[in-house]
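Subject: A structure to look through

Dear colleague,

I am handing over a structure that I would like you to read through slowly, with the viewer open beside this message. My notes on what was found follow directly after it.

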Amino acid sequence: MSRSWEDRDQDYLWHPFSPLKGGREPIFIEKASGPYLYTADGRKILDAISSWWVSIHGHSHPRLVRAVAEQAAKMDHVIFADFTHEPGIALAEALLTRVLPLGYSKIFYSDNGSTAVEVGLKMAVQFWKNQGQDKIKIVALEGAYHGDTFGSMSLGGRGIFTKAFESLMFDVAFLPFPVEDGNNTLQALEQFTKASKTGILVLEPLIQGAAGMRMYHPKVLHQMLGLASGAGWVSVADEVFTGFGRTGRMMAIDHIQQRPDIVAMAKGLSGGFMPLGATACNHRIEAAFMDSDREKTFFHGHSFTGHPMACAVGLESLKIYEEAGYAQLINEIASSHDAFVKEVTGLPVVKDARSCGVVLAIEIETKAGTTYFSEMRDKIYDFFL
């Protein structure tokens with residue numbers, strides 16, 4: 001007699017962010033189509049979290065299925081050091097000419113959001129090292145989340161998720177999260193610009209997703225990047241969550257005029273189909289590595305850097321985004337969210353409601369507070385399932 005999937009899952013798998021004892025039994029998904037997940041027992045679940053914020057076209061989109069299949073039949077994989085291919089070239093060209101604001105010059109591929117941020121961080125550090133300078137002290141926003149590798153984890157807020165590793169994480173100077181006009185943050189940042197060893201700013205533009213959908217004004221983002229630029233720092237924008245329409249524009253930095261030096265992308269980059277990360281840099285960063293001295297080479301890479309199938313599906317995902325009128329759809333969703341925020345603001349149970357683009361956040365007033373460990377979280381989760 002064959003064993004149940006529940007028993008096999010419990011015996012063999014270790015799920016992310018999940019306790020090995022006393023946790024929830026995972027829901028077995030048999031198939032996915034459009035906005036829905038289908039369970040083995042016939043339930044139909046709306047994938048409201050877009051499978052970890054990655055699926056921007058719905059599941060199993062036929063054009064994306066075809067793009068993967070056609071590329072797999074042509075070429076599945078090739079090392080991206082000393083070799084290249086059409087999907088990698090075409091997607092990089094599209095990102096630099098159709099997705100990002102003007103001024104970025106190179107794309108470096110990786111395979112997820114954490115590694116895309118890690119690439120940006122290493123570029124920023126080596127930018128200074130290649131010029132014989134030691135301005136590698138980093139400033140980031142309090143409460144940030146940039147990923148789970150050691151570098152990206154060090155850039156984020158300290159708490160229960162990082163407690164076991166804090167002694168091994170490098171020191172980062174954290175700015176208070178911008179409130180109201182952001183003067184609390186800007187004043188603190190201005191003080192840091194006077195420190196001789198400080199030279200890198202890393203932030204999530206406009207929204208801190210994992211921190212609880214905390215939002216701040218584009219004007220504050222513009223001013224923060226302006227202060228960093230004025231001090232000659234390297235600035236890194238983590239657009240892993242905010243990119244590809246989530247804040248109401250293609251990229252969150254499209255809301256402002258000031259540009260970061262480096263932009264990290266992932267999640268919606270491949271439409272949720274394949275693991276794919278990309279890090280863009282401007283000419284200033286590129287110039288620090290444009291040297292015949294081999295020691296100034298950016299010695300970084302992954303086995304699946306520039307994966308042909310991932311790049312092919314990323315390119316097709318971008319075409320769908322452009323051809324299907326997503327900009328208008330995003331505006332309609334944003335307007336609906338704005339109206340709903342006004343409708344629920346002031347209700348006794350609502351602690352706070354806010355929106356930015358297609359992101360709507362509602363904090364419920366509870367005695368336990370709004371944390372990941374609130375009992376109300378589990379009740380709400382079960383209710384909506």
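A residue is called buried if its relative accessible area is under 20%, exposed if that area is over 50%, and partly exposed in between, with a 1.4 Å probe and protein chains only. By that rule Cys356 is buried, with a relative accessible area of 16%.

Before going further, please keep in mind that this is a predicted model, in which local features need pLDDT of at least 70 and side-chain atom pairs count only at pLDDT 80 or more, while totals for chains, interfaces and linings use all residues. Residues are numbered from 1 along each chain as its sequence is written, and side-chain values use heavy atoms, with hydrogens and water left out.

Another cysteine, Cys281, is also buried, at a relative accessible area of 4%. A disulfide here is a pair of cysteine sulfur atoms within 2.5 Å, and a search of the whole structure finds 0 of them. For Cys281, the closest cysteine sulfur belongs to Cys311 and is 16 Å away, which is too far for a bond.

Next come the strands and helices, which are DSSP runs numbered from the N terminus (helices are H or I with at least four residues, strands are E with at least two). Strands of a sheet pair through backbone hydrogen bonds, either parallel or antiparallel, and two strands are taken to pair if DSSP finds at least two bridges between them.

Strand 2, residues 36–39, pairs with strand 3 in the antiparallel sense over 3 bridges, and Tyr38 stands opposite Lys44 of strand 3.

Val139 stands opposite Leu201 in strand 7, whereas Leu141 stands opposite Leu175 in strand 6. Because 4 of the 5 residues of strand 5 are buried, this strand is largely enclosed by the rest of the structure.

How do helix 7 and helix 8 lie relative to each other? The axes of helix 7 (residues 183–192) and helix 8 (residues 218–230) come within 10 Å and cross at roughly 5 degrees, where axes are lines fitted to C-alpha atoms, for helices over the stretch in contact, and angles run from 0 to 180 degrees between N-to-C directions. The two helices are therefore roughly parallel to each other (angles under 35 degrees count as roughly parallel, over 145 as roughly antiparallel, 65 to 115 as roughly perpendicular and the rest as oblique).

Finally, please look at His300, which lies in the loop between helix 9 (283–289) and helix 10 (308–323) and is buried, with a relative accessible area of 18%. The side chain of His300 makes a polar contact of 2.9 Å with that of Lys122 and another, of 3.0 Å, with that of His302. A polar contact is a pair of N or O atoms within 3.5 Å; within protein, one must be able to donate a hydrogen and the other to accept it, and residues adjacent in sequence count only if both atoms are side-chain atoms.

With best wishes
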